[in-house]
Structure formats: C-alpha cells, structure tokens
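This report goes through the helices, sheets and chain contacts of the structure shown below.

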Amino acid sequence: MKHTELPHVVRALRDPLHAFVHESRARIAILVSRSGQVLAQHGFTSTYEVMNVASLAAAAHASSNMLADLTHAGHWKHLFHDGAERKMFLATLVTPLEPFVLVVIFDRQSSLGLVQLFFDRLSKTVARLPELQRGVERTDLASFEKDLQAGLERIFPVDAREEV
Amino acid sequence: MSDVYRDAIERLSHVPGVRGALIVDMGAGVPVTAEVETGISPDALAALAAALYERTARASDAAGFGALSTFHLEAEGGHVVMAGAGDLVLIALVDDDAQLGRVRLETQRAAETLQ
C-alpha cells in the first residue's frame, strides 16, 4: 500500500471497525496490513500495546499461513484461542487492495459465533469500500518499520499519545 | 453426530409446525447440530439466538426469577422457542399457526434429554 493511500484507507475503515466492535461486543479489535501497518483499532489506550499487537498479529498470520502450507491445509479461515477469561480471534480480511489481518479480543459478553458472524459482515463491507479498490502494491520488509510508524501516527495523534 | 443430539433434533422436527431445529453451544455461540431449511444460516441463527438466550437468562436471574427454562420469541412470520440444557440451548423454529403449547413441551422434553 502506498503511503499516500494510507490516510484514505484508515479513514474508510474506522466506521466499519467500530460497527463490528459494537455489534460483536468485542473488547479489542485491531486491523493491520500484512506488513504490520496499523489501519484501525478499538480498545487500546497505549501506542506501545498497539505496536506490539500489530507486529505479533502480522507474524502470527505469516506463520499460520506457513503452517497451512506445510500441512497442505490450503489456508485457514481463522485462528481462535480460547482463554480462561478472554479469547482471541485472528482472521484475514480479503480486500481488493491487499489482505488485512483482523485481531479481536473478546470475553463472555460475546462469543465465537457472534464474532464470526459480524466478521463476515465486516468483510463484505470492507470489500466494497471505494478507497480499497485500487491496484495491489507489495510492501517489502525494509519498509515495515516506516509503515508501522505511519499507521500509528494515523491511529494515535501525537498529542493523544502516551509516553512509552 | 452424537445419537443424543440427533435424537433430540429428530424428536423436535417431527412435531407439527416445527420447521427447523438446532442445538447450540451457548458459550461459543456455534451450532452443535442443525436441521434447518435452505436459506437459513445455522451459524448466524446459532450466534444470535445463543446471545439472546444467554442475556435473557441473566435478566431472569437479575429479576429474581431464577434460572430460565424456556424462551419464546414471537415474530411476524413465526416463532422461535428455546430451551436451555446446561451449556447447550435447543432452538425450534416454528410456524405461526403451530400448536405452541405442544411445541414448548416437546422442546423442554428434548432439552432434558441433553442434560
């Protein structure tokens, strides 16, 4: 994704992600590109947390895809971790621009079924966004940090950030 | 599919006016087994119905009425009757002209077999 496209994409994703969180009753949700760009988030208060989760989500996505290849599973529909108090759902959001990774943390106010249901709706909404209809551009590893920082600056304006 | 689950679904499906039935894992909001008409998404139905049942059970408890046994939703085109069975909830989709008393009774009985 080009740096010039990022502000438009971030703006376009804000409302659909908030609707998803509201409807699914999730606690935390973060949408990142495969290279770790933060595109939208809900529930985080610290830049540090967002940065870590974005990096780990991108890594988990990449490693799970590799695992799918190794086991000839094709590709995973989603990953689900069932914790005692909180649960995590990680899935790929396919868009015309590029695939994004959605990480959702939820508790017993929600359920896997609800998250799946509204994830499917979010996928359809996002796939139709005009801001995401441009051509595909690959992001190399060298630009990872730059992209990540650019995404964080969009999500957390400088004056709203905490010291980390 | 476990015989217990299949038997409960079959029992309910044979009640006149019942046009579909499913057993849902309430915590996960996903179907354990389902027999519904084409065009009805069991996944969506399971997720939403389980959330509704779970919330209503909490409201019943908060109101001092104790545990919820059955839940009946009346809509323009039919009814949804739900009965809890531990971590599971049994859901019947019912025609609007069905004998609801019988449906509720059979739903409760079928749910008891799941306990």
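## Helix pairs within each chain

The model is predicted. In chain A, the axes of helix 1 (residues 6-24) and helix 3 (residues 112-127) cross at roughly 160° and come within 9 Å. Helix 1 of chain A and helix 3 of chain A are therefore roughly antiparallel to each other. The crossing of helix 1 of chain A past helix 3 of chain A is right-handed. On the side of helix 1 of chain A, the contact involves Leu13(A), Pro16(A), Phe20(A), Glu23(A) and Ser24(A). Helix 3 of chain A contributes Leu114(A), Val115(A), Phe118(A), Leu122(A), Thr125(A) and Val126(A). By type, the residues of this contact between helix 1 and helix 3 of chain A are eight nonpolar, two polar and one charged.

In chain B, helix 1 (residues 3-13) and helix 3 (residues 100-114) have axes that come within 9 Å and cross at roughly 175°. Helix 1 of chain B and helix 3 of chain B are therefore roughly antiparallel to each other as well. Val4(B), Asp7(B), Ala8(B), Arg11(B) and Leu12(B) of helix 1 of chain B make the contact with Glu106(B), Thr107(B), Ala110(B), Thr113(B) and Leu114(B) of helix 3 of chain B. The residues of this contact between helix 1 and helix 3 of chain B are five nonpolar, two polar and three charged.

## Chain A: composition and sheet

Chain A has four helices and five strands. Along the sequence they follow the pattern α-β-β-α-β-β-β-α-α. Chain A has 164 residues, of which 37% count as buried. Of the contacts in chain A between residues at least 6 apart in sequence, 65% join residues at least 24 apart.

The five strands form an open sheet in the order 2-1-5-4-3, with antiparallel pairing. At its edges are strand 2 (38-42) and strand 3 (78-82) of chain A, each of which pairs on one side only. From one strand to the next, the twist averages 10°. Strand 3 of chain A pairs with strand 4 (residues 87-93) of chain A in the antiparallel sense, over five bridges. Within this region, His81(A) stands opposite Met88(A) of strand 4 of chain A.

## Helices on the sheet of chain A

Helix 1 of chain A lies across strand 1 (28-33) and strand 2 of chain A, and runs at about 30° to strand 2 of chain A. Helix 3 of chain A also packs on the sheet, where it touches strand 3, strand 4 and strand 5 (100-106) of chain A. The direction of helix 3 of chain A makes about 25° with that of strand 4 of chain A.

## The sheet of chain B

Chain B has an open sheet of five strands in the order 2-1-5-4-3, and the pairing is antiparallel. Strand 2 (30-35) and strand 3 (70-75) of chain B are at the edges with a single partner strand each, so one side of each is left without a neighbour in the sheet. The twist in this sheet averages 20° from one strand to the next.

Strand 3 of chain B pairs with strand 4 (residues 78-85) of chain B over six bridges in the antiparallel sense. His72(B) has Val81(B), in strand 4 of chain B, as its bridge partner.

Which part of chain B gives the largest share of the side that touches chain A? In total, ten residues of chain B are in contact with six residues of chain A. Helix 2 (residues 42-62) of chain B supplies the largest share of the chain B side, with six residues. The chain B side consists of seven nonpolar residues, two polar and one charged.

Helix 3 of chain A and helix 2 of chain B have axes that come within 8 Å and cross at roughly 130°. That makes helix 3 of chain A oblique to helix 2 of chain B. The crossing of these two helices is left-handed. Gly113(A), Leu114(A), Gln116(A) and Leu117(A) form the part of the contact from helix 3 of chain A. Helix 2 of chain B takes part through Asp43(B), Ala44(B), Ala46(B), Ala47(B), Ala50(B) and Ala51(B). The residues of this contact between helix 3 of chain A and helix 2 of chain B divide into seven nonpolar, two polar and one charged.

How values were computed: Residues are numbered from 1 along each chain as its sequence is written. Chains are lettered from A and ligands numbered from 1 in the order in which they are written. This is a predicted model: local features need pLDDT of at least 70, side-chain atom pairs count only at pLDDT 80 or more; totals for chains, interfaces and linings use all residues. Two residues are in contact if their C-beta atoms, placed from the backbone, lie within 7 Å. Ala, Val, Leu, Ile, Met, Phe, Trp, Tyr, Cys and Pro count as nonpolar, Asp, Glu, Lys and Arg as charged, and the others, Gly among them, as polar. Two strands pair if DSSP finds at least two bridges between them. Axes are lines fitted to C-alpha atoms, for helices over the stretch in contact, and angles run from 0 to 180 degrees between N-to-C directions. Angles under 35 degrees count as roughly parallel, over 145 as roughly antiparallel, 65 to 115 as roughly perpendicular and the rest as oblique. A crossing is left-handed if the near helix is turned anticlockwise from the far one by less than a right angle, and right-handed if clockwise. A residue is buried if 20 or more other C-beta atoms lie within 10 Å of its own, exposed if 12 or fewer, and partly exposed in between; C-beta atoms are placed from the backbone.
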